[in-house]
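I am opening this notebook to record what I looked up, one entry at a time. The entries follow the order in which I went through the topics.

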Amino acid sequence: MIKEIIVVEGKDDTVAVKRAVEADTIETNGSAIGDEVLRRIALANERRGVIIFTDPDHAGERIRKIVARHAPGCKHAFLPQEKALYKGDIGIENASPEAIRQALSELRTETTDTAGEVTWEHLMEAGLIVHPDAANRRLLVGKLLGIGYANGKQFYKRCTSFRISKAEFDEAMREMEQQLEG
């Protein structure tokens, strides 16, 4: 049984999560999240904690940001797109129970600290921004760090808010370079 309440987008996501783990969920019912749902999420975060587990797509990222603003200090689970894909549709509901359990075992907790070990300069030197293949490189490194894909600015914010250490970052960069070479 997972102690925290898992925030998902819809009923099909709840079904997929419950196939994988014993947990309670709150459904946002898409990106037009109502005030009542946001209040329930904030209360859940105060009482039990919240895990945000949205689809690895643009809409899912938008929902993640909205929920995170209303539930500071919550945990995040990220599922790689290729593990959430079925016949061109991306969503948690398409993931296997094993992929869901894996994502929930690699939670990241958001912090409001603005000082992090990974700097904007580190991202530039690593070719994660202002590089012809930056998007692909961020995709790979985000997967290795367990923080998902994001544009350059959001990737930097995630490195900071999830307190990614320089050592973690360097290790992920080494693994990414090996993958690109191999």
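**Entry 1: a valine in a helix**

I began with Val37, which I found in helix H2, the run of residues 35-47. I keep in mind throughout that the model I am reading is a predicted one. I then looked up the accessibility of Val37, and with a relative accessible area of 13% this residue is buried, because buried is the word for anything under 20%. I also looked up the distance from Val37 to Thr54, and their C-alpha atoms are separated by 15 Å, while the two residues are 17 residues apart along the chain.

**Entry 2: aromatic pairs**

How many aromatic pairs does the count come to? I noted two aromatic pairs, and I took them in turn.

Phe78 and Phe162 make up one of them, an edge-to-face pair with 5.9 Å from centre to centre and 75 degrees between the planes. I place Phe78 in the loop between strand E4 (75-76) and strand E5 (85-86), and Phe162 in the loop between helix H7 (152-161) and helix H8 (166-181), so this pair ties together parts that are 84 residues apart in sequence.

Trp120 belongs to helix H5 (residues 120-125) and Tyr156 to helix H7, so here the pair ties together parts that are 36 residues apart in sequence. For accessibility I wrote down a relative accessible area of 33% for Trp120, which is partly exposed, and of 28% for Tyr156, which is likewise partly exposed.

**Entry 3: a charged patch**

Next I turned to charge on the surface, where I found that Arg62, Lys65, Arg69, Lys153 and Lys157 gather in a patch of positive charge. Which helices each supply at least two residues of this positive patch? I noted helix H3 (58-70) and H7, and of the contributions it is H3 that gives the most, with three residues.

Conventions: Residues numbered from 1 in each chain as written. Predicted model: local features only at pLDDT ≥ 70, side-chain atom pairs only at ≥ 80, totals over all residues. Heavy atoms only, no water. Phe/Tyr/Trp six-rings, centres within 6.5 Å; stacked < 30°, edge-to-face > 60°. Helix = DSSP H or I, 4+ residues; strand = E, 2+ residues; numbered from the N terminus. Buried < 20%, exposed > 50% of the residue type's maximum accessible area, 1.4 Å probe, protein only. Patch = residues over 30% accessible without salt bridge, like charges linked within 9 Å, V, L, I, M, F, W, Y side chains within 5 Å. Areas by Shrake-Rupley, 256 points an atom, 1.4 Å probe, with all protein chains shown as cover. Salt bridge = Lys/Arg side-chain N within 4 Å of Asp/Glu carboxyl O. Lys, Arg positive; Asp, Glu negative; His and termini not counted. Charge placed at Lys NZ, Arg CZ, Asp CG, Glu CD.
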